Amino acid sequence: MSTVSNSVMQRTPYAESSPMNGALYRGDERPKPQCAESSFLATIVGRGGSLRSILSQVEAVAGTNTTVLITGETGTGKEVMARAIHELSPRRNRNLVKVNCAAMPAGLLESELFGHERGAFTGAINSHVGRFALADRGTLFLDEIGDMPLELQPKLLRVLQEREFEAVGSMRTTRVDVRVVAATNQDLKQMVRDREFREDLYYRLNAFPIYLPPLRERKADIPELVEYFVQQFAASMHKTIETILEETMRVLVRHPWPGNIRELQNYIARGVILSNHGIFEPGPLESCEPLGPEPEIANRTLEEKIRQEILAECQRANWKLGGRRGAAARLGLKRTTLFYKMRRLGIRPPADHWQD
């Protein structure tokens, strides 16, 4: 393959990698229990570049029971690092259980994490085993931990500290031996300052932090990633692509990739579809606005839209926050969450209308 990179990629089928998951590992090379450390690290794409120091951290912490907090922008491969920690640990023969904390409301998330007893709430016709119990003696990956509701955070803090919990509707305490790896693309320190995330929980999760830099700061890794994804998708589409033009590679390396590895992966998939005659010929790249004050303006615009929405519902509810007809219920938020959002956005009711 003609490229600007000296990397040599294996050309074998990639059965388990999906164009939507932002994966950084070669799915055809599953780690074997007897040599998990060497074989799993060999599947990481870009390990010879800027990921080297990060993988050293992963290796160092994997053999312990320390809680790990992985941070980085969306699409940088946080789930892959979580899996690496599990696969390199003594728990690798046990379950790696994943939970997306942003994918479900607070009531359902509590049941999903800790389980519930039959009859614990309307619709609970059977008992349910939670993810903590399923991950006993294994690893629990809490993705999007910054989106965990405030009212549920004390219960998570307790299980991290005491290794015990009660299922919803149960009086029986369950003890577990679970290693927790959490991930977020949010600034938890700022969320703590804004009182949107518990400080004690942040420090409990942040026992061993790992930061994954965005792809625009890892340009040396892009040629290897491009070669890997081109061969991956070509194999899955029964195509043969032998050449990536140097000019094409230079353009891909210069692109900022705001969506990181996931965006690159999807772009390569589209390019393989369009390519013929053994040459990778992708379509045009989406234009990206220069990094600078523009994203801040966009963030302020979005924040102002949220502020106006909260303000409008508070006025409709005559500044009553709680209750079935209060502003919190209208917005689909808990009262405490609404209170902290109002405080952060500088929303204060008229002095004669304050109700909670």
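**Close-up views of a predicted model**

View 1. In E7, Tyr-211 is the bridge partner of Thr-71. The model is predicted.

View 1. In E7, Tyr-211 is the bridge partner of Thr-71. The model is predicted.

**View 2. The open sheet of 5 strands.** The strand order is E2-E3-E6-E1-E7, and the pairing is parallel. Strand E2 (96-100) and E7 stand at the edges; each has a single partner strand, so one side of each lacks a neighbour in the sheet. From one strand to the next, the twist averages 20°. E2 pairs with strand E3 (residues 139-143) in the parallel sense, through 5 bridges. Within this pair, Leu-96 stands opposite Thr-139 of E3.

**View 3. Helices H2 and H3 on the sheet.** Helix H2 (residues 51-62) packs on the sheet and touches E1, E6 and E7. The direction of H2 makes about 155° with that of E7. Helix H3 (residues 78-87) also packs on the sheet, touching E1, E2, E3, E6 and E7. For H3, the angle is about 155° with the direction of E1.

**View 4. Leu-188 in helix H7.** Leu-188 belongs to helix H7 (residues 188-193). The residue counts as buried because its relative accessibility is 3%, against a cut-off of under 20%. Beyond its neighbours within four places in sequence, Leu-188 contacts Leu-69, Ile-145, Gly-146, Phe-197 and Tyr-202. Arg-198 lies 10 residues from Leu-188 in sequence, and their C-alpha atoms are 9.2 Å apart.

**View 5. The buried residues of helix H10.** In H10 (residues 246-254), Thr-248, Met-249, Leu-252 and Val-253 are buried. These residues span an arc of only 135° around the axis, which puts them on the same side of H10. An α-helix has 3.6 residues a turn, so residues three or four places apart point the same way. The cover over the buried residues of H10 includes helix H9 (222-236) and helix H11 (260-274).

**View 6. The whole chain, for context.** The chain holds 14 helices and 7 strands. Of its 356 residues, 45% are buried. Among contacts between residues at least 6 apart in sequence, 70% join residues at least 24 apart. The chain exposes about 18300 Å², and carbon and sulfur atoms supply 49% of that area.

Key:
Residues numbered from 1 in each chain as written. Predicted model: local features only at pLDDT ≥ 70, side-chain atom pairs only at ≥ 80, totals over all residues. Heavy atoms only, no water. Buried < 20%, exposed > 50% of the residue type's maximum accessible area, 1.4 Å probe, protein only. Helix = DSSP H or I, 4+ residues; strand = E, 2+ residues; numbered from the N terminus. Arc of directions from axis to C-beta. Contact = heavy atoms within 4.5 Å. Areas by Shrake-Rupley, 256 points an atom, 1.4 Å probe, with all protein chains shown as cover. Pairing = 2+ DSSP bridges. Axes fitted to C-alpha atoms, helices over the stretch in contact; angles between N-to-C directions.
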